[in-house]
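Please open the model in your viewer and keep the sequence beside it. The tour goes from one selection to the next, and says at each stop what is there.

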Amino acid sequence: MKIKDLSNLSTPESKSHTLDAIIIVGALVGRDGHPGRVARFRLHHALPLVVEAYPESWVVITGGLWPGRPATEARAMADWALGQAVRHWGEACGRKLEQRLILEEVSLSTVESARHTAVLLQQRGLTAAGLVTDELHMPRAAYLFRRSFRARRLTIRLLPARGLLVDYWQRRRYVRLTKFILREGGAWMKLWGRGILGHEQL
C-alpha cells in the first residue's frame with residue numbers, strides 16, 4: 001500500500017469543503033502493538049487528507065484497549081500515522097499533526113466510537129467532521145455516526161477508503177475476506193437484536 005498523492009484532488013475531499021475534524025475509525029492492533037492491515041489501510045487513505053486536503057482540521061482516532069494488546073487502537077494508529085507523516089512530509093508536518101490529534105481511547109465497538117466521538121467534538125465546539133473507514137465498514141459506521149451526530153446537531157461527511165476488498169481478493173486472502181463479510185453481516189444483526197436500528201439517537 002502506498003500513500004496517495006492528492007496534489008490534483010478535485011473530489012468532495014477537496015480543500016473547498018471545510019471540516020472541523022477528520023475521524024479515523026480504529027481497527028485491530030497486533031500483539032506487537034502495531035496496527036493491523038485494515039487499520040493501516042484506513043490510515044493510508046486518511047493521511048493525505050489530513051495533511052494536504054484538510055491541514056487545519058483536528059484529527060480524531062478512535063479505539064480502546066483490547067486484552068493482550070500493549071496499546072489502544074487509537075494510540076497505536078496515531079504513533080504509526082505520525083511516523084508516516086514524518087517519512088513522507090517531513091518533521092515539521094509530523095509535529096503539526098501531533099498537535100492536532102485527539103485520541104478516543106475508550107470505545108471497543110463502532111457504536112461506542114460514534115457515541116464517544118460525538119461527545120468529544122461537542123465539548124470542543126466542533127460541528128462538522130469527515131469520517132474515514134474502509135468501504136466494507138462504512139455503511140454501518142455511517143449509520144451509527146449519523147445517528148449519534150444528528151442528536152447533537154453535528155454534521156458528517158463520508159470519506160471512504162476504497163479498495164480493501166479488491167486488495168484481499170487479489171492477494172487470494174479468500175478466507176479472511178469471507179470472515180470480514182460475515183463479521184460485518186453479524187454486526188448488523190447484532191444492532192438489530194439490540195434494538196438500535198431505527199432509533200433516532202444512541
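Begin by selecting helix H3, residues 91–100, in this predicted model, and colour its buried residues, which are Cys 93, Gly 94, Leu 97 and Arg 100. These residues lie on the same side of H3, because they cover an arc of only 125° around the axis. An α-helix has 3.6 residues a turn, so residues three or four places apart point the same way.

Next, turn to the face of H3 that points away from its buried side, where the exposed residues Glu 91, Ala 92, Glu 98 and Gln 99 are carried. What covers the buried residues of H3? Show helix H1 (37–53) and helix H2 (73–89), together with strand E2 (58–62) and strand E3 (101–104), which are included in that cover.

Now move to the loop between helix H5 (138–151) and strand E5 (155–158), and select Arg 153 within that loop. Arg 153 has a positive phi of about 60°, although it is not a glycine. Most residues other than glycine have a negative phi.

Of its 202 residues, 50% count as buried, while the protein exposes about 10,500 Å², of which carbon and sulfur atoms supply 53%. If you display contacts between residues at least 6 apart in sequence, 79% of them join residues at least 24 apart.

Definitions and conventions. Residues are numbered from 1 along each chain as its sequence is written. This is a predicted model: local features need pLDDT of at least 70, side-chain atom pairs count only at pLDDT 80 or more; totals for chains, interfaces and linings use all residues. Side-chain values use heavy atoms; hydrogens and water are left out. Buried means under 20% relative accessible area, exposed over 50%, partly exposed in between (1.4 Å probe, protein chains only). Contact means heavy atoms within 4.5 Å. Accessible areas come from the Shrake-Rupley method with a 1.4 Å probe; for residues, only the protein chains shown count as cover. Helices (H or I, at least four residues) and strands (E, at least two) are DSSP runs, numbered from the N terminus. The arc is that of the directions from the helix axis to the C-beta atoms.
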